[in-house]
Amino acid sequence: MNILSRLTPFALVLAATPALAEMPKGISHFTLDNGLEAVVIEDHRAPVVVQMLWYRIGSADEQPGKSGIAHYLEHLMFKGTDKLAAGELSKTVTANGGMDNAFTSYDFTTYFQRIASDRLPLIMEMESDRMANLRIGEDDWQAERQVVLEERSQRTDSDPGSQFAEERSAVQFYNHPYGRPVIGWRQEMEGLTREDAIAWYDAHYAPNAAVLVVAGDVTADQVRELAQKYYGPVPPKPDAARKPRPQEPVQRSPRRIERVDARVAQPVLIRTVIAPERNPGDQQTAAALTVLADLLAGSAQTSVLARDLVLTGKALYVNAFYDGLSVDPTTFGISLVPVPGVPNDEAEAALDAALTKFLTDGPDPAQLERVKTSIRAARVYAQDSAHGRAYDYGQGLAVGLTVEDVNDWPDILAAVTPEDIRAAAKLVLDSKVSVTGWLLPAPDTTDEAARSASADAAKSGEIE
Amino acid sequence: MIRAVFTLAFAALVSLTAMGQGARAIDIQEITSPGGIKVWLVEDHSIPFTALSLMFRGGASLDAPGKRGQISLMTALLEEGSGDMSSVQYAEAVEGLGAQNRFDVGDDALIVSARMLTENRDQAAGLLRQALTEPRFDPDAVERVRGQLQAVIRSEATDPNAIAAKELARQAWGDHPYATSVNGTAGSVASLTRDDLVAAKDRILARDRVVVAAAGDITGEELGKLIDSVLGGLPETGSAPLPQPASLQLTGGVTVIDWDSPQTVVNFAQPGLPMSDPDYFAAFVADHILGGGGFSSRLMEEIREKRGLTYGVGTGLSNGVYGETWQGGMASANDKVAEAVDLIRQVWDRFVTEGVTEKELADAKTYLTGEYPLRFDGNGKIASILAGMQLIGLPADYVNTRNSKIEAVTAEDVQRVARRLLHSDQIRFVLVGRPDGVEATD
């Protein structure tokens, strides 16, 4: 989101939200007096409800030296309140036939439950309770710090691809906290304390910094009544709104990063560049980037890179990735796994050639039409999952979009023109400041074909 | 194409083995198509599309001897050219309709999951028929997808989770196909010929081994015609006999595989029991309390919540069509994994000696019965569950009787099945990492 909306005065957030004109069928939206925004997604096909509470606070809001605190606090949110013992919330949900969990990202921290729809009051009561009354016992915080360290070992340190992603992000962002891992750097995680966690909670957990999404077999009136009853009494905090973060300076240099790890099965190239995100009332560029990623690699047979690299025997896999749901500028990326026997530099040159050709030719009209058809169909299939739609709205509002922005997104995608795509391609594919990473296997762990590939690469001067 | 994921041996169908009563009746129509194919349908016209699930019995376990990976590679090639269309032409046609087809294969079934818009359903069904009945196996597509499958095999070889699962399966299942990866080995896949792929198709894609379910915007009459058009061109019988039951070879003990990582991955298993066993539901409830119930389970409480030794530990009854185990997994730091493994044994033993409390039993039952109807919240999920039920031989009214079988379980039942089955000295632990203070037993 942009600077203006980040600085939206607190008073405006508290103002009553007028009923929106053209809401899609089954979607409604309201804001409580204490600033809690709520979205209801009705789907009466099964007696199920999903409650998601999205706090507009994430790892990118952490102070240097305290990386991992947002995620650590997320874990400690299960350690009880005045009314609930440690672990009791999850046990109560489970004993009522439901499941619950939570996740943390750069921009948000989210708690959710999925349960029979007649149990909505129960989970709202417990979720609203821990919005204001968290108690972290002396016995619990140290064991839980071990748990998040084990989580880091499992997710990151046991996976060379994850370790590499962490280092690529650090190289990508000079100044923005998106350069730090959500889970935290290990040595900083080891120093996090109960006091750090309580300070984070006290500063950031408040109804006026949260978005409630309820999806499933409920009505808007029911949810409004229950939300008022359970969340309504929680007082807002005047300073809970997200503060602006350090932004990226102008980047001037392309960067290359290479890592060899015996646990890697085959070479993979990942290239990323900073790209604009979806902003309120301004999602056209993000829509064009989304369609661009689909055109480049959305189909294993018909996409630009599949056609030019996979069908021609240069690459085993190609991918293009972009997610515009982000508070600050995000990344657009492309990845590629060379066919064994194709030297890495040759595969990368073929990628560059394919991208250059696309920059010159622009999108093929028939392919663009097929991508638009897929997007239109995906909109129908998306109706099949209330949980999935809860993510769309929750994440959108958590990063600062409005409900209208989320409503409008499919139409904006459908309206993307070939000119929009050319402009988007120029922005991200013609960049002189990308980060290109090669994650490489140790030479002796590759199969025979790959060994000959590295021999070829050595001849051409490349270091693996 | 090959998706860059591997199928864990014998994990695929676990989620389908426990069904029960919804708080709201699930209206399953049992239909026989004009051509004689049985289909289950849940009709719902609120969203203009149909989800279709086809499961062909036997899955990759129908690979011919010495041809491991044959059915996996064949499955990945079904969407890579058929009839008069090349791979690219076929993909263009499917994408042009907004249809989505997935072709997956596991130990027990080859699974086709399709989503078709109502507005062009007949055309989408025509393309699916073409993929299943007239795949071309063009040489360029075969080589391309073979390369992708080889990449998956290489990835499995450097993934500690896959290494652990593979070793456990190898020790568990002797010479049954369950013992090896559905994707085969670098060598077996390298030697597969086009003839092997044609043979693979004939071994499995036949009407005598398919089960069918659909959910969504379609009537029974429309569905009957659609299924006849999709499957009518397939042979009546598959050329391979269905797999034999697997006999469990597992012994208790500890296997350590050296892997340079800060953490040790642990997979473990002991004998389980078939769904037809009178104590199956007692074991199902026991497992929930022991390790299946997430944050509520005893293993999670002892190993994660109290001591912070792991991010997650869990167990499950792993019931395949041809064999079953009771298994679990976790990961723990190299210097702590010995304590964590020891705790698993202690929790096992204490479960047998102490049994379960009435509160644990009541909480387990409310979870297991309450969670069940939540699974049926979408056309895609319903079609998949209904096909899975047919695959393992459950009747349609099982959705209405399942919960009463869980309600009937008593604390005595749980303790009886625990005494009978849970033996910590029968657990085989496979550790992949550099565990401190753990001795391999053989």
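Let me begin with a definition: two strands are said to pair if DSSP finds at least two bridges between them. With that in hand, and bearing in mind that what we are looking at is a predicted model, I would like to start in chain B, where strand 4 and strand 5, the latter covering residues 109-117, pair in the antiparallel sense over 6 bridges. One position in that pairing is B:Val105, which stands opposite B:Leu110 in strand 5 of chain B. Lying across strand 4 and strand 5 of chain B is helix 1 of chain B, residues 70-77, and this helix runs at about 175 degrees to strand 4 of chain B.

These two strands belong to an open sheet of 6 strands in chain B, whose order is 1-2-6-3-5-4 and whose pairing is mixed. At the edges of the sheet are strand 1, residues 29-32, and strand 4, residues 100-105, of chain B, each of which pairs on one side only. If direction is ignored, neighbouring strands of this sheet are turned against each other by 20 degrees on average.

Now to chain A, where there is also an open sheet of 6 strands, with the order 1-2-6-3-5-4 and with mixed pairing. Strand 1 and strand 4 (99-104) of chain A stand at the edges and have a single partner strand each, so one side of each is left without a neighbour in the sheet.

Let me step back to the domain level. Chain A is divided into domain 1, which spans 10-230, and domain 2, which spans 255-456, and the centres of the two, taken over C-alpha atoms, are separated by 29 Å. Where they meet, 29 residues of domain 1 of chain A are in contact with 29 residues of domain 2 of chain A. Which element gives the most to the side of domain 1 of chain A that touches domain 2 of chain A? That is helix 7 of chain A, with 7 residues. By class, this side of domain 1 of chain A has 16 nonpolar, 6 polar and 7 charged residues.

The UniProt record, an unreviewed entry, carries the annotation "domain: Peptidase M16 N-terminal" over residues 40-183 of chain A, a stretch that in this model is 42% helix and 17% strand. The record also places "domain: Peptidase M16 C-terminal" over residues 192-374 of chain A, and there the chain is 39% helix and 21% strand, with its end C-alpha atoms 46 Å apart.

One helix pair in chain A deserves a moment. Helix 11 (residues 284-297) and helix 17 (residues 418-429) of chain A pack at an angle of about 85 degrees, with their axes 9 Å apart. Since angles of 65 to 115 degrees count as roughly perpendicular, helix 11 and helix 17 of chain A are therefore roughly perpendicular to each other. Among the residues that meet are A:Ala288, A:Leu292 and A:Leu295 from helix 11 of chain A, and A:Ile421, A:Ala424 and A:Val428 from helix 17 of chain A. The residues of this contact divide into 10 nonpolar, 2 polar and 1 charged.

I will finish with the contact between the chains, which takes 59 residues from chain B and 50 residues from chain A. On the side of chain B that touches chain A, the elements that each supply at least two residues include helix 2 (87-97), strand 9 (310-319) and helix 13 (379-391) of chain B, while helix 4 of chain B gives the most, with 7 residues. The residues of that side of chain B divide into 22 nonpolar, 22 polar and 15 charged.

Terms used: Residues are numbered from 1 along each chain as its sequence is written. Chains are lettered from A and ligands numbered from 1 in the order in which they are written. This is a predicted model: local features need pLDDT of at least 70, side-chain atom pairs count only at pLDDT 80 or more; totals for chains, interfaces and linings use all residues. Axes are lines fitted to C-alpha atoms, for helices over the stretch in contact, and angles run from 0 to 180 degrees between N-to-C directions. Helices (H or I, at least four residues) and strands (E, at least two) are DSSP runs, numbered from the N terminus. Angles under 35 degrees count as roughly parallel, over 145 as roughly antiparallel, 65 to 115 as roughly perpendicular and the rest as oblique. Two residues are in contact if their C-beta atoms, placed from the backbone, lie within 7 Å. Ala, Val, Leu, Ile, Met, Phe, Trp, Tyr, Cys and Pro count as nonpolar, Asp, Glu, Lys and Arg as charged, and the others, Gly among them, as polar. UniProt positions are given in the numbering used here, feature names are shortened, and annotations may be inferred rather than shown by experiment. Domain bounds come from an automatic or database domain assignment.
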